[in-house]
Amino acid sequence: GALHETERLAVAVQAQYEDRPAQRVTLTLPAFRTARQVLFLVTGEGKAGIVRAVLEGPTGQFPAQEIQPTAGRLVWLLDAAAAGQLVGPLQPATTD
């Protein structure tokens, strides 16, 4: 599957969404690793637990933990509700 792809930047995926198949193209880890910038935008209290698990939990549990550009920048934009369960230090967004 897409998570184990090591060469192609995108792959076709078929998944189930609410009892209906959905076909899509998804980016692979090589695409994210070669990106100049990767941005996660997360909002809402309902995402706070998963944000904490991804950012402060053990590695290897979520695909998002594998995304790290080798020569680019990784940015997480969180509203206060999504960041509500984080215990580590937060860095405000910059405009550079």
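Trainee: Contact means heavy atoms within 4.5 Å. Taking contacts in the chain with a separation of 6 or more, what share comes from residues 24 or more positions apart?

Mentor: Those account for 53% of them. Before we go on, this is a predicted model, where local features need pLDDT of at least 70, side-chain atom pairs count only at pLDDT 80 or more, and totals for chains, interfaces and linings use all residues. Residues are numbered from 1 along each chain as its sequence is written, and side-chain values use heavy atoms, with hydrogens and water left out.

Trainee: Got it. How many helices and strands are in the chain?

Mentor: Two helices and four strands. These are DSSP runs numbered from the N terminus: helices are H or I with at least four residues, strands are E with at least two.

Trainee: What does Thr 28 touch, skipping neighbours within four places in sequence?

Mentor: Ala 2, Glu 5, Arg 8, Leu 9, Ala 10 and Val 11. Ala 15 is 13 residues from Thr 28 along the chain, and their C-alpha atoms are separated by 16 Å.

Trainee: Switching topic: how many aromatic pairs does the structure hold?

Mentor: One. The ring centres of Phe 40 and Trp 76 are 4.1 Å apart and the planes meet at 10°, so the pair is stacked. For the cut-offs, rings of Phe, Tyr and Trp (its six-membered ring) pair if their centres lie within 6.5 Å; planes under 30 degrees apart are stacked, over 60 edge-to-face, and the rest tilted.

Trainee: Which strands do those two residues lie in?

Mentor: Phe 40 is in strand E3 (residues 37-42) and Trp 76 in strand E4 (residues 73-78), so the pair ties together parts 36 residues apart in sequence. As for cover, Phe 40 counts as buried at 18% relative accessibility, while Trp 76 is partly exposed at 22%.

Trainee: What about Glu 66? Where does it lie?

Mentor: Glu 66 is in the loop between helix H2 (48-56) and E4. With a relative accessible area of 35%, Glu 66 is partly exposed. Leaving aside neighbours within four places, Glu 66 contacts Leu 29, Arg 33 and Gly 60.

Trainee: And after E4? Which residues does Ala 83 touch there?

Mentor: Ala 83 belongs to the segment after E4. Not counting residues up to four places away, Ala 83 touches Leu 78 and Leu 90. Ala 83 counts as buried, at 13% relative accessibility. Ala 12 is 71 residues from Ala 83 in sequence, and the two are 32 Å apart in space, C-alpha to C-alpha.

Trainee: Last one: what percentage of the chain's residues count as buried?

Mentor: 26% of the 96 residues. The C-alpha trace spans about 35 × 35 × 25 Å along its principal axes.

How values were computed:
Buried < 20%, exposed > 50% of the residue type's maximum accessible area, 1.4 Å probe, protein only.
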